[in-house]
Amino acid sequence: MIASTTPAPSKFVASLRGLIGRCPNCGQGRLLRNYLKPVEACSACGEAYGHLRADDAPPWMTILIVGHVVIPALLSVEQTYEPPTWVHMAVWPLLSLLMTLVLLPRCKGLVLGLLWSTGAPGSER
Ligand SMILES: [Zn+2]
């Protein structure tokens, strides 16, 4: 499973490396290509990632985070400033979209890093 002779990183380190889009094993190569597609193997250490499937966990994590940021912010702004409806219609969908686009690959990397560190076989091996 681990291609190199160096000790395997902890689950925490592997997950953090995945979170920043790096190889959970070495932290050098990229984990994702084309926004969300896992690389077949790390370009630096050769560790295989193409078989890992994060399934629905990254979208669920993203929805959870975005919802817990945007909805309280929306309610707070409404109660404090009472802006016109068009402001809400312009700001909150755009903020939700931007947060989703930023968070989704990071959540996927986190899940893939955690899956890899736990030795999950993946669904296509
Ligand atoms: Zn690597």
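We'll start with the helices, move on to the loops, and finish with the cysteines. One thing to keep in mind all along: this is a predicted model.

Two packed helices are described by the angle between their axes and the distance between the axes. With that in mind, find helix α2, which covers residues 57–81, and helix α3, which covers residues 85–117. Their axes sit 8 Å apart, at an angle of about 150°. Angles over 145 degrees count as roughly antiparallel, so α2 and α3 are roughly antiparallel to each other. As for handedness, the crossing of α2 and α3 is right-handed. What kinds of residues make up this contact? The tally is 19 nonpolar, four polar and two charged.

Now bring in helix α1, residues 11–19. The axes of α1 and α3 cross at roughly 150° and come within 6 Å. α1 and α3 are therefore roughly antiparallel to each other, and here too you'll find a right-handed crossing. Which residues actually meet? On the α1 side, look for K11, A14, S15, G18 and L19. They meet R106, G109, L110, G113, L114, W116 and S117 of α3. Sorted by type, the residues of this contact are five nonpolar, five polar and two charged.

On to the loops. Most residues other than glycine have a negative phi, and most peptide bonds are trans. Against that background, have a look at the loop between β1 (32–33) and β2, where N34 is placed. N34 isn't a glycine, yet its phi is positive, at about 50°. Y35 lies in the loop between β1 and β2 as well, and this residue, also not a glycine, has a positive phi of about 75°. Are these residues buried or exposed? N34 has a relative accessible area of 66%, so it counts as exposed, while Y35, at 40%, is partly exposed.

The loop between β2 (37–38) and α2 holds E47. Its relative accessible area is 3%, so E47 is buried. E47 and R30 are 17 residues apart in sequence, and their C-alpha atoms are 11 Å apart in space.

Last stop, the cysteines. C23 has 0% relative accessibility and therefore counts as buried. C42 is buried too, with a relative accessible area of 5%. A disulfide is a covalent bond between the sulfur atoms of two cysteines.

Note on methods. Residues are numbered from 1 along each chain as its sequence is written. This is a predicted model: local features need pLDDT of at least 70, side-chain atom pairs count only at pLDDT 80 or more; totals for chains, interfaces and linings use all residues. Side-chain values use heavy atoms; hydrogens and water are left out. Axes are lines fitted to C-alpha atoms, for helices over the stretch in contact, and angles run from 0 to 180 degrees between N-to-C directions. Helices (H or I, at least four residues) and strands (E, at least two) are DSSP runs, numbered from the N terminus. Angles under 35 degrees count as roughly parallel, over 145 as roughly antiparallel, 65 to 115 as roughly perpendicular and the rest as oblique. A crossing is left-handed if the near helix is turned anticlockwise from the far one by less than a right angle, and right-handed if clockwise. Ala, Val, Leu, Ile, Met, Phe, Trp, Tyr, Cys and Pro count as nonpolar, Asp, Glu, Lys and Arg as charged, and the others, Gly among them, as polar. Buried means under 20% relative accessible area, exposed over 50%, partly exposed in between (1.4 Å probe, protein chains only). Contact means heavy atoms within 4.5 Å.
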